Amino acid sequence: MKLPDIKLPKPSDLTGKLKAFAGLFPDPRDVKLPKNAAEAKKAAHDFWYGKPHGERRLGDLYLDKTGLYKHREWRGVKDTFYYFHMIWLYNYANMVMDIMKFGDPITFAKGLWRYRWMGQTYLPVLHWFDRGLEGLRGEALRASAWHYRAMTCVTINQFMNMFEADGNLRNGAHNDAWHHAMAHKETVWGGIFYPWADKYKHIPLEMIPYFVTCHVNNHTVLNYIDAAQSIGLPGDPCPMCQAEAGLFVLDDMPDFAPFMVSSNEACDGSVASTAIQDWFFKGPLFAMPQPMQFDDPLVQEHCANEIRECWKFIEEQTGAPFNLQLLNENLEKQNELQRFEWEKWDVAAKTNHYPINGVAQALYRIYQSQYGEHFIWHDTDKKVSKILTKCVEKKIDTFPKTRHRVIAWSCAPLYYSNWCTWAYNCWGLNTIINMDSLMFDMTIRTDNLDNTVMDMARYHEWAPMRRMAVGGMHHIFELWENMERFNCDMVMMYDQLQCKGMQGVVGLFEDEFRKRNIHAIWMPHALPDKRTVSRGEIRRIINDYMSTVMKEEPLDPSLLEFDDDMSW
Amino acid sequence: MRDLKHLIFFENLLQEANNELVKQAKSEGKKALGYTCYFMPEVLLDLPGCFSVRLRAPRSGSPDMATYYMSNRTCHYGRALLERALEGGFNFLDAQMATETCTVTCRFQEHLDRMDIIKNPDFFVTFTDVPFKTNENSVEHFRKQLQAHVLDELSEKFGIDTSDEALMKAIEEHNEVCRIITEIGNYRKLDNPPITGYEFHVIQLVSLTCPKYLILPYLRETAEELKTREPEPAFPFRCRVVLAGAENDDPEFTKLIESCGAMVVADRYCYGTLPGREQIDVKEGQSPLDAIARHHLDGSYCPRFMPREQMRGRKKYLADVVKDYNADGLIVASNKFCEYWSYERTMDALILPRDYGIPTCSIEKEYVNASTGQLRTRFQAFVESVEIKKLQEAK
Amino acid sequence: MKKTMLDKAVRKESRKLKRLKKAQKIQKRVAARSSAKRSTKKRGAGCKVLKVFGKIFALLAALYAALFAVFFFDLDGKLMYYVVEPFLVKHYDKMDRKNPLDMPYEIKK
């Protein structure tokens with residue numbers, strides 16, 4: 001009998017692999033032992049309290065290209081163990097509990113096995129926390145992390161709802177969950193569906209498969225953009241809409257609802273991509289567009305009527321009557337969230353005690369206000385409120401290395417939403433507020449249905465991006481009054497290269513920045529597509545501006561240049 | 001074929017937005033009202049005392065100044081218009097009747113509003129909101145918008161008579177233009193038409209860019225002339241195509257297609273006639289404004305419309321036009337950076353060949369077609385493929 | 001003779017006494033041994049409980065240390081990046097998918 005050939009790895013292969021493996025960890029030779037008593041005292045102090053900002057050298061922690069850490073940051077004993085217990089362990093444990101609470105592990109596993117956006121994106125979610133919370137200490141760390149926790153909870157809730165109802169996971173069979181789900185474009189505000197919240201689940205089509213994935217793992221969305229272009233779509237339309245269409249083209253959209261509601265939010269691209277989604281969506285579709293010229297009092301009745309028509313459609317499709325009480329209850333809860341948001345803005349604008357960093361502020365706000373009511377928002381706000389109160393009462397400077405208060409304007413880069421964490425750590429640029437946080441900036445009356453519907457119409461008109469980008473240039477130029485309102489001295493001007501609306505005003509912005517003598521950094525990007533402008537390129541642009549125009553030295557030089565091309 | 005009597009005159013009119021007839025109307029005290037979109041009903045802008053000018057930027061070069069304002073990642077058409085405005089080419093305008101129907105032209109019009117570009121102290125810009133559906137709610141909305149942002153503005157600012165009688169008179173004149181253009185356009189359905197696609201494109205464009213009351217006599221004469229015009233002895237083209245797509249106000253583009261052997265027998269694009277030159281029908285007891293609003297919503301196949309039956313109906317409409325005009329194929333052309341038509345064109349190129357068996361050529365072009373060599377190659381290849389298909393079907 | 005009987009009695013008594021003393025000694029020794037044995041038994045039971053707790057504590061401590069090591073050295077990230085994600089991506093790339101472009105485009109629905 002001939003023995004099978006067994007190819008043993010060459011010693012050099014093994015050595016190489018071992019070396020590569022060892023390279024994933026910090027080199028013990030890099031550890032510098034204290035030489036004298038003073039150094040020993042400093043080392044002990046740094047161990048206990050964490051290194052001061054200028055000595056952290058956070059860039060040295062990264063593994064080349066991957067964005068992984070040789071080791072996670074040592075933030076001092078208290079904050080490191082807080083991170084370990086209350087962020088890392090807590091969130092892993094709660095993710096498991098959320099899966100059990102909102103569904104079951106078998107369904108989760110089936111969904112993970114079936115959908116690329118699930119498996120490729122959401123397993124490394126703790127790294128998303130890491131990137132956003134880098135360098136944070138104390139109350140800023142705590143408050144910002146609660147926001148991330150809330151978003152994770154809602155994300156799990158949504159994809160478990162999808163999987164529970166998904167016909168694709170059941171050989172095409174439609175179960176009770178399917179019949180009690182309502183699909184809608186992610187830019188349709190969740191509040192439209194409040195009147196059926198007791199028995200029906202509203203699930204945005206693309207929020208989980210597209211929008212949230214861009215922040216957590218920016219590689220996933222590239223498959224969908226490429227898929228849309230593979231059927232002949234040119235490369236220049238907004239990549240958000242391309243990806244939304246691409247989800248269907250790549251057969252990666254769950255079959256979780258019998259009907260869908262679409263919208264023209266935020267712009268032409270959303271209208272156009274609906275045509276492709278319509279083709280691939282088997283059930284009835286209701287289009288609920290909002291007027292573009294939303295300041296015009298004449299358009300409000302029209303918009304309100306569209307909402308009423310949408311409700312009629314939902315009643316027809318579900319057979320379930322409109323429930324005014326449920327609508328009002330949920331609207332009141334949402335109003336609570338809005339009122340707390342205003343309190344936060346007040347603290348952010350007038351003090352340096354605001355404990356929420358730029359990325360947590362931006363993502364939480366857009367998620368919460370677009371998705372609509374969920375218990376976790378209230379839980380989070382309660383926790384954050386305590387931290388906020390503590391910071392204000394004890395006058396805690398939450399971002400002590402702030403050199404510039406930045407307002408971020410226009411559509412943000414989804415694949416680098418944590419650029420502001422890097423910018424604070426490297427240059428002391430503290431992003432206080434951003435444009436998308438400022439939309440949906442109102443409460444909704446619940447005194448009578450007519451007032452409610454009119455306010456809902458206005459609310460929906462004030463949706464992300466469109467609140468500032470359409471309906472007249474005077475909206476986009478609200479930047480100046482918001483700069484004043486939030487006491488910002490610098491602008492991060494997002495330059496979404498494929499957004500026709502924003503590309504159409506670049507010259508006027510340049511003129512105004514010059515006229516008003518405002519320091520503005522133009523940050524080009526392609527929304528979810530990192531291939532057009534990489535994170536490294538974004539950092540280079542900021543570095544160039546800060547060193548050549550502002551003539552400042554970095555707080556942490558190790559963060560100036562590093563390669564994270566292949567990172568999540 | 002014998003040259004059309006007024007063709008050269010028409011071609012000259014199209015060389016400038018402020019052409020001979022526009023100047024004449026202005027000298028007669030009429031107000032020049034600019035617009036860019038089908039959803040701004042030209043009939044309202046042709047009320048007695050004013051005239052509509054659908055904006056073009058003929059003979060555009062590189063829009064450098066406009067590119068500063070609007071970057072080089074926006075539709076060239078919008079930038080070319082802004083460039084022309086910055087150059088002073090639109091200083092004759094008394095008002096811009098704007099619509100927020102597509103982002104880039106909207107931005108162009110917002111620039112007109114915000115910057116002091118048009119050197120006319122009375123110049124103003126008014127924006128009309130256009131719905132995305134054609135249900136009753138939308139019709140009522142559109143009617144109110146037209147009343148407030150078009151008629152009331154004209155009345156208030158220029159003292160234009162916007163009564164129902166004035167509207168009916170404008171509709172009458174408008175319908176005559178439509179009748180003549182449609183009559184001329186119908187010749188293209190013939191097996192050997194006495195008019196080329198290029199000629200028709202020129203005629204349609206002058207009807208959009210010149211005062212109606214001044215161009216009508218020429219259009220009437222041309223229509224008469226065509227009744228007796230002898231076509232070529234044999235059909236001079238290799239195939240017949242429908243040209244569909246986004247904004248297209250360049251007859252040279254049509255000429256380019258026809259020079260490759262494909263006659264453009266139908267024009268289903270912005271600035272085209274399908275739809276665009278249907279007569280407005282005012283029913284008994286209906287207000288003229290209501291008729292106008294309905295006409296422009298019901299009759300449009302713009303990719304802005306969102307209801308499913310309209311999104312899908314557009315494909316059928318295109319197929320019907322191909323059949324109606326005995327076309328052998330379809331060319332769908334959109335401007336680079338046109339969001340709506342990028343998606344619409346993609347869908348057309350997939351659905352029409354698959355479901356209707358219509359050979360379809362999908363191309364992207366610029367407003368100023370510098371790369372005619374590349375386009376020529378595409379069109380020639382398309383014509384050959386259509387010919388091969390016809391041969392195979394004949395077998 | 002009387003002396004001898006007395007002597008005998010005395011000797012008998014002293015022998016008895018001796019035997020009694022010996023017995024007492026033996027008893028004492030036995031008692032001492034058993035009490036030593038009993039206290040040894042008691043000490044053993046307590047030790048076992050402590051040992052169990054100790055083992056659990058050590059296990060938990062080891063688990064805690066392991067978790068901390070995973071956390072601190074970003075082992076979860078490394079596992080995801082180098083093992084889990086590539087495996088799943090390979091799976092997704094190989095999956096059979098239906099072609100949505102084959103879906104009908106019904107004009108009237």
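1. At what angle do H12(A) and H14(B) pack, and how far apart are their axes? In this predicted model, the angle between H12(A) and H14(B) is about 10°, and their axes lie 8 Å apart. Two packed helices are described by the angle between their axes and the distance between the axes. Because angles under 35 degrees count as roughly parallel, H12(A) and H14(B) are described as roughly parallel to each other.

2. The residues that bring these two helices together can be followed in the structure. From H12(A) come A:Asp268, A:Gly269, A:Val271, A:Ala272, A:Ser273, A:Ala275 and A:Ile276, and they meet B:Glu339, B:Tyr340, B:Ser342, B:Tyr343, B:Glu344 and B:Met347 in H14(B). Sorted by class, the residues of this contact of H12(A) with H14(B) are seven nonpolar, three polar and three charged.

3. Chain C has two helices and zero strands, and of its 109 residues 6% count as buried. The contact of chain C with chain B takes four residues from chain C and eight residues from chain B. On the side of chain C that touches chain B, three residues are nonpolar, none is polar and one is charged.

4. Chain A holds an open sheet of four strands in the order E2-E1-E3-E4, with parallel pairing. The edge strands are strand E2 (201-204) and strand E4 (285-287) of chain A, each of which pairs on one side only. On average, and with direction ignored, neighbouring strands of this sheet are turned by 25° against each other. E3(A) and E4(A) run parallel and are joined by three bridges, and A:Ser262 stands opposite A:Ala287 in E4(A).

5. Two peptide bonds deserve a careful look, since most residues other than glycine have a negative phi, and most peptide bonds are trans. In chain A, the bond from A:Glu265 to A:Ala266 is cis, with omega near -5°, and A:Ala266 lies in the loop between strand E3 (260-262) and helix H12 (268-280) of chain A. In chain B, a cis peptide bond with omega of about -5° joins B:Leu274 and B:Pro275; B:Pro275 is found in the loop between strand E6 (262-269) and helix H12 (288-298) of chain B.

6. A:Phe440, a residue other than glycine, has a positive phi near 55° and lies in the loop between strand E6 (429-434) and helix H18 (449-461) of chain A. B:Ser71, also a residue other than glycine, has a positive phi near 60°, and its place is in the loop between helix H4 (64-70) and helix H5 (76-87) of chain B.

7. Are A:Phe440 and B:Ser71 buried or partly exposed? A:Phe440 is buried, because 27 other C-beta atoms lie within 10 Å, whereas B:Ser71 is partly exposed, with 19 other C-beta atoms within 10 Å. The cut-off that separates them is that a residue is buried if 20 or more other C-beta atoms lie within 10 Å of its own.

Terms used: Residues numbered from 1 in each chain as written. Chains lettered and ligands numbered in written order. Predicted model: local features only at pLDDT ≥ 70, side-chain atom pairs only at ≥ 80, totals over all residues. Buried ≥ 20, exposed ≤ 12 C-beta atoms within 10 Å, placed from the backbone. Axes fitted to C-alpha atoms, helices over the stretch in contact; angles between N-to-C directions. Parallel < 35°, antiparallel > 145°, perpendicular 65-115°, else oblique. Contact = placed C-beta atoms within 7 Å. Nonpolar A, V, L, I, M, F, W, Y, C, P; charged D, E, K, R; others polar. Pairing = 2+ DSSP bridges.
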